[in-house]
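Work through the following exercises with the sequence and the model open beside you. Try each task yourself before you read its solution.

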Amino acid sequence: MTDAELVARTCAGEVEAFGRLVDRYYDDCTRFARRMLGNRDDAEDALQEAFVHAYRGLPRYQERDAFRGWLYRIVVNECRRLAARRWRSERHMVRDQDVLERVASREENGRELHDELQSSLERLEPMLREAFLLKYGEELDYEEMARMTGASVSALKMRVKRARDRLRPMLEREGEADGAR
Amino acid sequence: MEHDDDRELSRRVADAYPRVGPADASAKLRLMERLRRESQPRAESPQPIPFLVWRPATAALATAASLLVGTVLGWYLHDRMGRQAPASELSPSIAEVPTTREVRLVQFVLSAPKASQVTVVGDFNQWDPAATPMVRREGGAWTAAIPVAPGRHVYAFIVDGDRWVADPAAPMAPEDGFGIRNSVIVVGGTEST
Amino acid sequence: MRRAIAFLLLAAALIRPSLARAQNADRHLLDRLDPATAEEVWKIAESARAQGVPYESLLLTAAEGASKHAPPERIIVAVRERYTALSVAKEALGAESTPGEISAGAGALMSGVSADTLARLRQMRPKGSLLVSLVVLADLVTRRVPVETASTALLRASRMGAKDEDLLRLRSRVESDIKKGVSPAAATISRLQGLGVNPPPTPPRSGPR
């Protein structure tokens with residue numbers, strides 16, 4: 001059954017048809033959200049919100065758009081929203097000892113992602129990271145990325161290039177450290 | 001060359017990217033639960049009333065009425081089904097079904113001379129591997145006779161406890177989603193609606 | 001004596017003032033699943049019931065998955081796939097169809113046959129049973145007869161008034177031809193001719209299958 005057919009059945013009242021779409025896309029979207037936000041809990045929150053919005057917004061989905069692209073746009077936006085909220089609250093958190101400790105313990109219990117790719121990604125600013133993940137992680141083409149992010153193809157190409165130029169030496173260094181083992 | 005660097009980078013990222021793992025199964029379950037609540041038209045869904053909550057008088061009346069209906073229906077159904085189906089095999093949902101259910105005795109056969117144990121499992125015995133052990137006959141054929149309601153049924157054989165085998169003589173069912181091929185049997189007669 | 005006990009058991013089974021009690025008895029089909037998976041499957045089945053789609057079939061799919069030691073996520077996916085297939089089959093074949101026809105229709109859909117073919121089969125046989133036609137169709141497609149060829153073959157056979165026995169015999173002969181190395185499409189076409197039905201066009205050599 002195609003995505004468009006499942007959307008139609010969902011709009012006709014079959015919530016389980018949406019369940020099929022969840023089965024198809026939730027894991028892929030989770031990967032993106034985890035890499036984007038660097039944290040499993042945040043990724044889960046973003047995903048839940050994204051899929052609920054997608055469900056509610058289905059009547060507005062038009063069949064000429066690929067469903068996957070439409071869904072990812074919602075996921076990208078939700079990740080941005082959550083990152084912005086987190087950044088805002090973390091700015092205020094500097095003064096609050098309790099909150100600092102909470103943040104520290106969240107990192108300690110392993111919900112943060114720690115591989116070399118992630119530590120390199122963390123050093124990229126969000127716009128660059130997002131573009132890089134969509135291109136190299138999700139392997140989308142620039143037209144799709146433009147639709148998802150609202151940015152122009154040329155702007156995206158620039159961001160991906162800058163991300164790549166910054167990441168390459170970082171990953172090579174980490175790679176060398178690995179190679180020494 | 002920038003191209004080679006790019007390919008190398010692509011490869012490394014493609015390699016490392018998925019290692020953050022799939023979503024927790026519970027996350028998807030929670031999502032679906034939330035969406036089901038959203039999709040219900042009423043604020044509260046009606047809760048099923050368990051029998052025991054009914055007041056004793058009403059319960060007694062219901063019991064008496066049901067026993068009467070049950071007895072009458074029981075006679076009728078028993079006649080139609082002969083001796084193959086003990087009461088415990090009746091689906092409780094039969095209370096909703098006004099028409100009777102004819103049942104046919106179906107012989108399942110599998111040639112498996114080297115097997116030490118064969119069972120048949122299908123929707124007619126709830127896929128329970130313990131339900132229908134087959135009997136070995138002369139020449140290595142294994143057989144079992146099962147009462148099956150009219151309509152379409154899917155089934156398979158389990159040889160020696162863990163090897164699933166489709167019926168070589170029967171139509172194939174499409175891929176079941178579990179990686180194991182089922183067979184199809186069509187039993188004649190009038191289906192219950 | 002045994003008869004009396006049987007009747008009492010039956011009567012006990014019939015004391016069900018609410019539908020929910022009957023439903024809960026079917027729930028034992030999910031006993032072999034872990035609680036979270038069982039709960040999810042049950043919810044899907046309830047949705048199906050609300051839509052008038054045969055829900056017991058979904059519980060049986062879950063029981064099947066449990067017997068086959070499938071991982072819980074796979075079971076849930078399979079149950080949902082079956083639900084949508086049953087739902088589409090019911091629409092395509094008409095609400096008056098029997099549970100067997102709907103089940104066979106779902107099987108055909110899951111093997112790759114289009115809903116449109118189901119609807120057209122029903123148009124050809126509004127009153128008669130499509131059960132065997134759909135079982136044979138699903139079988140042929142599962143044996144790699146191209147969907148187009150198999151669908152056209154069944155539609156034509158149906159239009160010519162082929163009986164269920166003829167279709168079953170067709171299926172059986174196509175199966176043995178395939179085992180002897182004949183291409184599935186060619187086997188179908190030639191056996192269809194044997195029924196006295198005009199064969200569908202030969203598919204192009206470089207077909208998708």
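The axis of a helix is here a line fitted to its C-alpha atoms over the stretch in contact, and the angle between two axes runs from 0 to 180 degrees between their N-to-C directions. The structure you are looking at is a predicted model.

**Exercise 1.** Describe how helix 2 of chain A and helix 7 of chain A cross, and find the residues that meet there.

*Solution.* Begin by locating the two elements: helix 2 of chain A covers residues 15-37, and helix 7 of chain A covers residues 126-137. Next, consider their axes, which come within 10 Å and cross at roughly 145°. The sense of the crossing, in which helix 2 of chain A passes helix 7 of chain A, is right-handed. Then look for the residues in contact: helix 2 of chain A brings A:Phe32, A:Arg35 and A:Met36, while helix 7 of chain A brings A:Arg129, A:Glu130, A:Leu133 and A:Gly137. Sorted by class, this contact has three nonpolar residues, one polar residue and three charged residues.

**Exercise 2.** Decide whether helix 6 of chain C and helix 8 of chain C are roughly parallel or roughly antiparallel to each other, and describe their contact.

*Solution.* The first step is to read the geometry, in which helix 6 (residues 99-111) and helix 8 (residues 131-142) of chain C pack at an angle of about 20°, their axes being 8 Å apart. The second step is to apply the cut-off, by which angles under 35 degrees count as roughly parallel. Helix 6 of chain C and helix 8 of chain C are therefore roughly parallel to each other. The crossing of helix 6 of chain C past helix 8 of chain C is left-handed. The residues that make the contact include C:Gly100, C:Ala104 and C:Ala108 of helix 6 of chain C, and C:Leu131, C:Leu134 and C:Val135 of helix 8 of chain C. By class, the contact between these helices has eight nonpolar, five polar and one charged residues.

**Exercise 3.** Summarise the secondary structure and burial of chain B.

*Solution.* Chain B has three helices and seven strands, and along the sequence they follow the pattern α-α-α-β-β-β-β-β-β-β. Turning to burial, 27% of the 193 residues of chain B count as buried.

Note on methods. Residues numbered from 1 in each chain as written. Chains lettered and ligands numbered in written order. Predicted model: local features only at pLDDT ≥ 70, side-chain atom pairs only at ≥ 80, totals over all residues. Helix = DSSP H or I, 4+ residues; strand = E, 2+ residues; numbered from the N terminus. Left-handed = near helix turned anticlockwise from the far one by under 90°. Contact = placed C-beta atoms within 7 Å. Nonpolar A, V, L, I, M, F, W, Y, C, P; charged D, E, K, R; others polar. Parallel < 35°, antiparallel > 145°, perpendicular 65-115°, else oblique. Buried ≥ 20, exposed ≤ 12 C-beta atoms within 10 Å, placed from the backbone.
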